[in-house]
Each structure stands twice: as structure tokens, then as C-alpha cells.
Amino acid sequence: MTLDPRVEIQGFGGTLDELITAVRRHELDILEILLSDVAAQTRREVLASDDPAFEPFMKISGLMFVKSRTLLPTEILSMEDELLEESGEIVPAEEPTSVRERLEEQYRLFSGLREHFLELADLQRDRLHFSLTRQPRPRFMDEIEYVELVTPFDLLAVYHRALRRALEDDSYRVSTDEAHLLSRRITEVFDFVFQRGEKTPFSLILSSVRRKRDAVLSFLAVVFLVASGKISARQKRPFGEIYLYPAPEEEE
Amino acid sequence: MLELPTLTRVLEAILFLSPGPVTAPDAAACLGESEERVLEALRLLAERYSDAGLELQRVAGGYELVTRPEYVQHLKKYFSTLEKERLSRASLETLAIIAYRQPVTRAEIEAIRGVNSSGVLYSLLDKNLVRISGKSDKPGKPFLFSTTPEFLRFLGLNDLADLPPVESLQRRL
């Protein structure tokens with residue numbers, strides 16, 4: 001059995017399906033629709049249908065009805081109360097809090113924490129000569145043990161930081177032996193792609209890799225070469241094979 | 001195996017030179033000692049420093065030699081050129097939200113702050129105070145942000161449980 005309740009609200013009269021379609025097409029502004037009014041009308045129709053299959057739906061919609069009202073700003077509630085008083089759908093007269101008010105309350109809380117954090121950070125800085133800018137830079141690709149602990153998100157964050165610094169500061173370079181390793185891998189990948197002279201699947205570059213560190217180095221080497229315009233990369237679909245071309249990009 | 005007094009002195013030297021917190025497991029592995037002996041030596045060291053200008057602070061899950069808070073005013077006079085580096089108010093606010101709501105998405109942070117927070121987030125990521133800790137299951141699979149051990153060190157906390165409970169702050173506010 002299907003049920004498509006009829007809804008009559010300001011500026012609209014039709015079935016619930018038609019209402020949803022109108023909202024999706026932006027023919028109606030969802031912010032202007034009193035959802036608890038819609039819920040109340042729907043409940044009445046479902047109750048009238050007398051079908052036990054709708055019972056769980058009734059309970060869930062009842063919960064949604066109460067929750068939607070508790071989140072509404074006071075001024076809208078007072079408008080709704082006038083509409084709902086006639087149908088006896090009035091919700092207990094607790095002091096309602098709007099979403100905005102709740103967020104503002106949280107904002108006040110975290111603004112207060114801001115001062116607390118400032119006190120702690122100032123004290124720690126003075127006790128320890130702690131400096132955010134003098135901290136040792138995060139090491140990446142420098143130890144096999146470290147790489148084994150790395151998650152894709154760590155890698156992404158480190159890469160993002162390195163890229164930002166490289167863009168902002170020409171003097172920033174990856175120091176120590178790892179720079180040499182990366183530099184060597186960049187050359188290897190570049191030579192490999194150019195010697196083939198045709199599109200090279202990225203998976204082919206990884207096929208000879210045996211260690212996680214080398215996989216990371218290969219990935220960063222490709223990213224570097226693409227970013228610097230020495231090779232180009234193309235991927236037809238998400239998660240599909242990435243093909244590398246000697247720059248400029250060639251059409252298939 | 002080192003004698004306990006020697007182990008204590010070695011640990012003191014490591015702590016003095018270390019740029020960050022030293023954890024008991026790391027020190028134990030490095031010195032070939034058991035973690036229990038390292039902890040015993042650290043306890044002795046803390047006792048020794050109980051009447052000194054320095055103290056052994058538990059921070060970010062490790063130990064660090066720091067100056068005593070009661071002498072900070074004198075340090076400020078001596079180190080008059082100390083770099084007055086502070087996070088901006090926006091950064092501290094965002095950091096507070098992440099610290100208490102972690103893991104949290106950027107959208108959730110922005111809902112509370114009411115303003116775009118991507119710049120502040122990049123800055124905090126750059127300073128290694130927050131990290132991307134995963135992806136949410138919500139639509140769009142947004143990144144989740146959490147604090148780092150560096151954040152604990154930044155505030156001088158041993159772990160997140162040392163953050164003041166939200167209820168007490170609400171009362172204070």
C-alpha cells in the first residue's frame with residue numbers, strides 16, 4: 001500500500017511527493033516551509049490510513065516532529081503554535097532553543113576556552129622557550145620505521161605542508177640524505193617516462209617497488225614532476241589507472 | 001645495566017639536550033634498560049629537582065625539563081628579547097573546538113565559529129598542532145581534524161584528559 005499525504009501550506013498545495021520535488025527544484029525555499037506543520041498534516045493522514053505497517057513510521061515521524069520543533073527559533077514556533085493549536089498538536093511549553101542559539105552558546109564556550117588556552121600557552125612558552133616556528137620540522141621519508149607508521153592522512157598532511165612551504169619560501173628544501181633519495185627517484189622516474197616515449201602507466205613505475213618508502217618516494221617524484229611541468233598525468237576516471245606522458249600532454 | 005644513580009644522570013643529560021619530551025619506553029629502548037628502571041630513575045630525578053629552578057614536567061606522554069612557573073617573571077626580565085609569538089585569537093578558538101570536539105570536520109568548526117575557518121586550519125596544520133585524522137562518513141567524506149602531541153606540549157598538558165572539563169568552564173562563563 002502506498003500513501004502520499006496531501007499537504008496544504010502557505011504557497012503550496014499538493015502531495016508530499018510534489019512538495020519534495022518542488023523543494024529539490026528550488027521552486028520552494030525549504031527555509032520558508034514550516035516542517036512541523038508538514039509533519040503534523042502527514043501524521044494525521046497516516047493515522048487515518050489505519051494500516052499497521054505505518055506504525056513504526058508514525059513513531060519515528062513523531063520523534064522528528066518533536067525534534068524539529070525544539071530546534072526552531074522562538075518566533076517561528078509562536079507562528080506554528082497558532083496553526084497547531086487548532087489541531088491539538090501543541091508540544092510541551094519548554095523554553096525552546098534554536099540551532100543558532102545553541103551554536104552561539106557553544107561559540108561562547110570556546111571563546112572562553114580561547115583565553116584559557118592563551119594563558120597555558122604563554123606560561124609554557126616562557127617556561128620552556130617554546131616556539132612554534134623553532135620546532136623541528138616534521139621528518140618525512142627519513143626512516144623506514146616512520147614510514148611504516150604513516151597513514152595516508154599523515155602523508156597527505158605532510159605533503160600539503162611541504163608544498164605550502166615550498167610555494168611560500170624558495171629557500172625551503174628537504175634536508176639530509178632523504179633529499180638525495182627523492183632527487184634520485186625523480187631522475188629515475190623522469191628518465192623512465194622519457195625513454196619509453198609513450199604513455200606510461202603509473203602502476204608500471206610501482207611494479208618494481210618492494211618497500212613502502214620507495215612507493216612513497218615514487219609517488220612524490222611523480223607529483224613533483226607533474227607539478228613542475230616536466231611530465232603530465234592523465235586519469236580517465238576516479239581510482240582508474242594514471243598514465244604519465246612526456247610533457248606536454250598527448251591526446252590518445 | 002647501569003647503576004641507578006648513573007642511569008639517573010644519563011637521563012638528566014638526555015632530557016637536557018632533548019628538543020622535545022622524552023618518553024620512558026624510548027629512553028628504555030635506547031639505553032637497554034627496563035621501562036620500570038627508567039621510571040624509577042625519572043622519579044629520583046624529579047625528587048632531585050624538587051628544590052631547584054627547573055622541574056621535571058610530564059607532557060604529551062613524556063618528560064621534559066622546564067623552568068618552574070614561579071620564576072617566569074624573572075625569566076621574562078632576563079630574556080627581554082624573547083620572541084612574543086602567540087597564536088591568533090581565531091587560531092586559539094579553532095584549536096579549542098578541535099581539542100574538545102575531536103575528531104571534527106571543518107564544517108562543524110565553521111558552524112560553531114560562524115566564519116570560514118580554512119585559513120586558520122591550514123595554519124594550525126602547518127604548525128603541527130592539529131592533524132588530519134581520517135575521513136567522516138558524512139556526505140562528501142570530509143576530513144576529520146584532531147590535535148597532535150605537539151598541541152599537548154604547546155599547552156603543557158600530559159594528555160587530553162588534562163583539559164579542563166567543559167562543565168567547569170560553563171560554570172566559569
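How many bridges pair E3(B) with strand E5 of chain B, and in which sense? I looked this up and found 2 bridges in the antiparallel sense, with E5 of chain B covering residues 143-147. Two strands count as paired if DSSP finds at least two bridges between them.

**Ground rules.** I am working on a predicted model, in which local features need pLDDT of at least 70, side-chain atom pairs count only at pLDDT 80 or more, and totals for chains, interfaces and linings use all residues. Residues are numbered from 1 along each chain as its sequence is written, chains are lettered from A and ligands numbered from 1 in the order in which they are written, and side-chain values use heavy atoms, with hydrogens and water left out.

**Chain B, overview.** I counted 9 helices and 5 strands in chain B. Helices (H or I, at least four residues) and strands (E, at least two) are DSSP runs, numbered from the N terminus. Along the sequence I read the pattern α-α-α-β-β-α-α-β-α-α-β-β-α-α. Of the 173 residues in chain B, 46% are buried; buried means under 20% relative accessible area, exposed over 50%, and partly exposed in between (1.4 Å probe, protein chains only). Chain B exposes about 9,200 Å², and 55% of that comes from carbon and sulfur atoms. The areas come from the Shrake-Rupley method with a 1.4 Å probe; for residues, only the protein chains shown count as cover.

**Chain B, sheet.** The open sheet has 3 strands in the order E3-E5-E4 (chain B), with antiparallel pairing. Strand E3 (104-105) and strand E4 (130-135) of chain B are the edge strands, each pairing on one side only. I noted Thr105(B) opposite Leu144(B) in E5(B). Helix H5 (residues 89-101) of chain B packs on the sheet and touches E3, E4 and E5 of chain B, its direction making about 95° with that of E5(B). Contact means heavy atoms within 4.5 Å. Axes are lines fitted to C-alpha atoms, for helices over the stretch in contact, and angles run from 0 to 180 degrees between N-to-C directions.

**Chain B, helix H7.** H7(B) lies across E4 and E5 of chain B, at about 110° to E4(B). Why is helix H7 (residues 118-126) of chain B said to be largely enclosed by the rest of the structure? It is because 7 of its 9 residues are buried. Among the buried residues of H7(B) I listed Val120(B), Leu121(B) and Asp126(B). Just after H7(B), Asn128(B) takes a positive phi of about 65°.

**Chain A, sheet.** I then turned to chain A and found an open sheet of 3 strands, ordered E3-E5-E4 (chain A), with antiparallel pairing. Strand E3 (200-201) and strand E4 (231-235) of chain A each have a single partner strand, so one side of each is left without a neighbour in the sheet. E4(A) pairs with strand E5 (residues 242-246) of chain A over 5 bridges, in the antiparallel sense. Arg234(A) stands opposite Tyr243(A) in E5(A). Helix H10 (residues 212-227) of chain A packs on this sheet, touching E4 and E5 of chain A, and its direction makes about 110° with that of E4(A).

**Leu118(A).** Is Leu118(A) buried or exposed? I found Leu118(A) buried, with a relative accessible area of 19%. Leu118(A) is in helix H5 (residues 99-128) of chain A. Leaving aside neighbours within four places in sequence, Leu118(A) is in contact with Arg86(B) and Leu92(B).
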